[in-house]
Amino acid sequence: DTIPVLTIDGPSGAGKGTTARAVAARLGWNFLDSGAIYRALAVAAMDRRVSWEDEAALEALAESMDLVFEAGPAPRILLWNNDIGRRILTEECGNLASKMAAFPAVRRALLDKQRSFRRLPGLVADGRDMGTVVFPDAPYKIFLTASAEVRALRRYNQLKEKGIDVSLAHLTEEIEERDRRDRERQTAPLRAAEDAVVIDSSDLTVDEVIEACLSVVTSH
Ligand code: C5P
């Protein structure tokens, strides 16, 4: 595939979402928030009462999901025509998504959906396995990390800004548990691709992280 892809993988709260969106806008490329696909599956499972332990039922649900990402100034995520943008923000949803994401059949069922975002003039893809599994041939790969404290605090502020009330201590625990699960799973565990540039965002401003990512593409 000759369509360029920049993959940005890393643990939750490292700043991937904000960074990937801004970098995509600067480059004029498409954007894939792969975590939102796993979160949408969690919402679908809750609504249709599918157990997070039922791999076959989740696989079928993943294959049947009608999920649309509307771009533009007020982006929306529509699941069977319902706007789920707000429901997927909570840590409960992220945690459920991470449990379902450990199943190989579920991950396989969502591969084509993710790869369909690779369209001209290019793609910035945010997730856990973008550089290792979904787009292994991507010419540009970044692994974005930050210390556990910084990541929890960022998530906390992000949720507070959106009017979602959580305790920092509880959120820290939940994020650590989710990251451990994502790192230790058998299929597509969270790890840096061998050819990824590692960026630690703990002591960088948002703009500095964006510039660092852009330079991976432009200095190539
Ligand atoms: O990135 P986000 O926090 O929205 O992702 C939610 C969960 O979905 C992650 O904790 C992870 O378990 C799963 N995920 C994944 N692979 C991806 C993106 C997300 O397994 N590429």
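## Around the ligand

Helix 2 contributes the most to the shell around the ligand, 4 residues in total (helices are DSSP runs of H or I, at least four residues, and strands are runs of E, at least two, numbered from the N terminus). This is a predicted model, where local features need pLDDT of at least 70 and side-chain atom pairs count only at pLDDT 80 or more, while totals for chains, interfaces and linings use all residues. Residues are numbered from 1 along each chain as its sequence is written, and side-chain values use heavy atoms, with hydrogens and water left out.

In all, 15 residues surround the ligand, and the closest are Arg-39, Arg-107, Arg-128, Arg-178 and Asp-182 (a residue is near if one of its heavy atoms lies within 4 Å). The shell splits into 3 nonpolar, 4 polar and 8 charged residues (Asp, Glu, Lys and Arg count as charged; Ala, Val, Leu, Ile, Met, Phe, Trp, Tyr, Cys and Pro as nonpolar; the others, Gly among them, as polar). Arg-178 has a polar side-chain atom 2.7 Å from a ligand oxygen, and Asp-129 has one 2.9 Å from a ligand nitrogen. The protein covers 97% of the 450 Å² of accessible area that the ligand has on its own (Shrake-Rupley, 1.4 Å probe; for residues, only the protein chains shown count as cover).

## Salt bridges

The whole structure holds 13 salt bridges (a side-chain nitrogen of Lys or Arg within 4 Å of a carboxyl oxygen of Asp or Glu). Asp-129 pairs with Arg-107, with the closest N and O atoms 2.9 Å apart. That pair links distant parts of the chain, 22 residues apart: Asp-129 in the loop between strand 6 (123–127) and helix 7 (130–134), Arg-107 in helix 5 (residues 104–109). Asp-129 is buried at 3% relative accessible area, and Arg-107 is buried at 7% (buried means under 20%, exposed over 50%, partly exposed in between, with a 1.4 Å probe and protein chains only).

Asp-182 and Arg-128 also meet in a salt bridge, at 3.5 Å from N to O. Then there's a network of salt bridges linking Glu-91, Arg-155 and Arg-178.

Three strands make an open, antiparallel sheet in the order 3-4-5 (strands pair if DSSP finds at least two bridges between them). Strand 3 and strand 5 (82–83) sit at the edges with a single partner strand each, so one side of each is left without a neighbour in the sheet.

Strand 3 (residues 67–70) and strand 4 (residues 76–79) are joined by 4 bridges, with Val-68 opposite Leu-78.

Conventions
Polar contact = N/O pair within 3.5 Å; in protein donor to acceptor, adjacent residues only side chain to side chain.
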